[in-house]
Amino acid sequence: MANARHNLTVIVLAAGGGTRMKSKTMKVLHPVGGRSMIGHVLTAVREIEPERIVAVVGHQREQVGPHIQELVPDAVLAVQETQDGTGHAVRVAVEAAGTTGGTVLVVTGDTPLLRGDSLRAFAEEHEAAQRAVSILSGLVPDPFGYGRIVRNDEGDVEAIVEEKDATAAQREIREINSGILAFDAEFLLEALPKIDNDNAKGEYYLTDAVQLARDAGLTVGAHPIDDVMQTEGANDRAQLAELGRELNRRIVTQWMKDGVTVMDPATTWIDADVVLAPDVTILPGTQLLGATVVAEDAVIGPDCTLKDCEIGSGARVVRAHAELAVIGEGANVGPFSYLRPGSEVRARGKIGAFVETKNSVIGEGAKVPHLSYVGDAEVGEGANIGAGTIVANYDGVKKHRTKVGRHAKTGANNTFVAPVEIGDGAGTAGGTVVRRDVPPGALAVSGGPQRNLEGWAERKRPGTAQAEAAAAATGQEPQGERDASHEDRSGVGQTGSGEEQS
């Protein structure tokens, strides 16, 4: 037998319809732990470095095929036009791959817990024993519903017996068939044409090859996997959720063993491709998704969702949502912040409460502390953006950029009408609408001078608590209703806020 790394073909079965999912999305494409189910399987397969990977596609192959080739560009796609059973699927795959020798490993595309080291151990044991067929099996406390592995006195496999066909004694067998098989390629090529569809479903069953091997006097064995959960598949969304919880439990547990503090594993979700450094702390209610990377000493949470983000060492992110964002070393984000794609908060920067950013750079030590929207902007080193600031980046047709210079200080309730530049060391007054560039060191003021209309409350709100409070504060007697109809020659209308109409 050839070494698995040099003459190993892996066939991934991904042609079934998955009707129990009740979904327009093909079963093996449903996500779990940040990857599709078949994405997890292909990751495990690639770890054993086979000579070729063949994926059998059929139902909704316009979805499945491109996804597989995106993950494994050199994979061979074998099309099973009609789903006539696993034996037929493998025959289609062998024909597409042109396999003539070595080992053929057959796996299913809906087992997201499968690991590469388990597949490697299975293939190596199969080759070392020089078997015609090997079955990846598992010992379970309740084997109901599974095909049983029936062994002879020498420990060789005599048959796989399905639940409905098993005798009372065979139903007591706890060793089950996982559906993952290894074959000597020469035997498989001879056996596939001999498998018939003389059964209730009219399908070609790959497991019939076991009996063909026994009839030919060849060796058939089983390799019990210690972690049988790796072979579990998902046929509906309830099973998918169960596998997702188990996968997440394993991921979180491994990160804790690697030096990450997870305050509450039950409320923490970490995708398979996330990378965490030692001494990261994750607080309850946190989701780290996609290709998120978190550096050492960062504290994430509580109640954060970060997808495809890069978090620097010592950063602090609390009650925030971010996607495709970069948060630098020692930066602070949150609470209740939203960092949209293209946001970058550089070292020691700050994004505060109820702030939204998009496609913007917040420079080193710069701050956007409160109640603001910053889109398509660059905020310079050490600048401070006042509360309630809006970067008006969209003119109805195009997006424009705004630049705030180094150590600029802008006032509260500002609007920056892009494109506009506020120079280094410049400032803006509270309530300013900035429509033109502000030179370095200048102060921009757009509001007129304040006017105070003395006695307004007593004249325009007679008999109210407001008027009484004003009168008490000024030491005057409240005016009666007789004054309420007097014309206000100031020209101020009846506003609810008491502010001047403009």
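Which residues of α1 are buried? They are Met37, Ile38, Gly39, His40, Val41, Leu42, Ala44 and Val45, where buried means under 20% relative accessible area, exposed over 50%, and partly exposed in between (1.4 Å probe, protein chains only). This is a predicted model, in which local features need pLDDT of at least 70 and side-chain atom pairs count only at pLDDT 80 or more, while totals for chains, interfaces and linings use all residues. Residues are numbered from 1 along each chain as its sequence is written, and side-chain values use heavy atoms, with hydrogens and water left out. Helices (H or I, at least four residues) and strands (E, at least two) are DSSP runs, numbered from the N terminus.

- After α1 comes Glu49, with a positive phi near 55°; Glu49 sits in the loop between α1 and β4 (52-57) and is partly exposed, at 44% relative accessible area.
- In α4, the buried residues are Gly116, Ser118, Leu119, Phe122, Ala123, His126 and Glu127.
- These residues cover an arc of only 165° around the axis, which puts them on the same side of α4; the arc is that of the directions from the helix axis to the C-beta atoms.
- An α-helix has 3.6 residues a turn, so residues three or four places apart point the same way.
- The packing partners of the buried α4 residues are α1 (37-47), β6 (103-108), β7 (133-139), β10 (175-184) and β11 (220-225).

**Annotated binding site**

- UniProt lists Asp110 and Asn235 under "binding site" in an unreviewed entry; UniProt positions are given in the numbering used here, feature names are shortened, and annotations may be inferred rather than shown by experiment.
- The two span 126 residues in sequence, yet no two of their C-alpha atoms are more than 8.1 Å apart, so they gather at one spot.
- Asp110 is in the loop between β6 and α4 and counts as buried at 11% relative accessibility.
- Asn235 is in the loop between β11 and α8 and counts as partly exposed at 25% relative accessibility.
- Lys27 links up with both: its side chain makes a polar contact with the side chain of Asp110 (3.0 Å) and another, of 3.2 Å, with the side chain of Asn235.
- A polar contact is a pair of N or O atoms within 3.5 Å; within protein, one must be able to donate a hydrogen and the other to accept it, and residues adjacent in sequence count only if both atoms are side-chain atoms.
- Not counting residues up to four places away in sequence, Asn235 touches Arg20, Met21, Lys27 and Asp110, contact meaning heavy atoms within 4.5 Å.

**Annotated active site and its surroundings**

- The UniProt annotation "active site", from an unreviewed entry, covers His370, which belongs to strand β30 (residues 367-370).
- His370 is partly exposed, with a relative accessible area of 41%.
- Beyond its neighbours within four places in sequence, His370 is in contact with Ala353, Val355, Gly386, Ala387 and Gly388.
- Leu371 has a positive phi near 50°, lies in the loop between β30 and β31 (373-375) and counts as exposed at 53% relative accessibility.
- Phe354, in the loop between β27 (350-353) and β28 (356-358), is exposed at 51%; Leu371 is among its contacts outside four places in sequence.

**Nonpolar cores**

- The largest nonpolar core has 57 residues, and Leu276, Ile300, Ile311 and Val317 have the most contacts inside it.
- Its largest share, six residues, comes from α8.
- Apart from it lies another core of 34 residues, among them Val56, Val92, Ala93 and Ala191.
- A nonpolar core is a set of buried Ala, Val, Leu, Ile, Met, Phe, Trp, Tyr and Cys residues joined through side-chain atoms within 4.5 Å.

**Cis peptide bonds**

- The bond from Gly301 to Pro302 is cis, with omega near 5°.
- Ala418 and Pro419 are also joined by a cis peptide bond, with omega about 0°.
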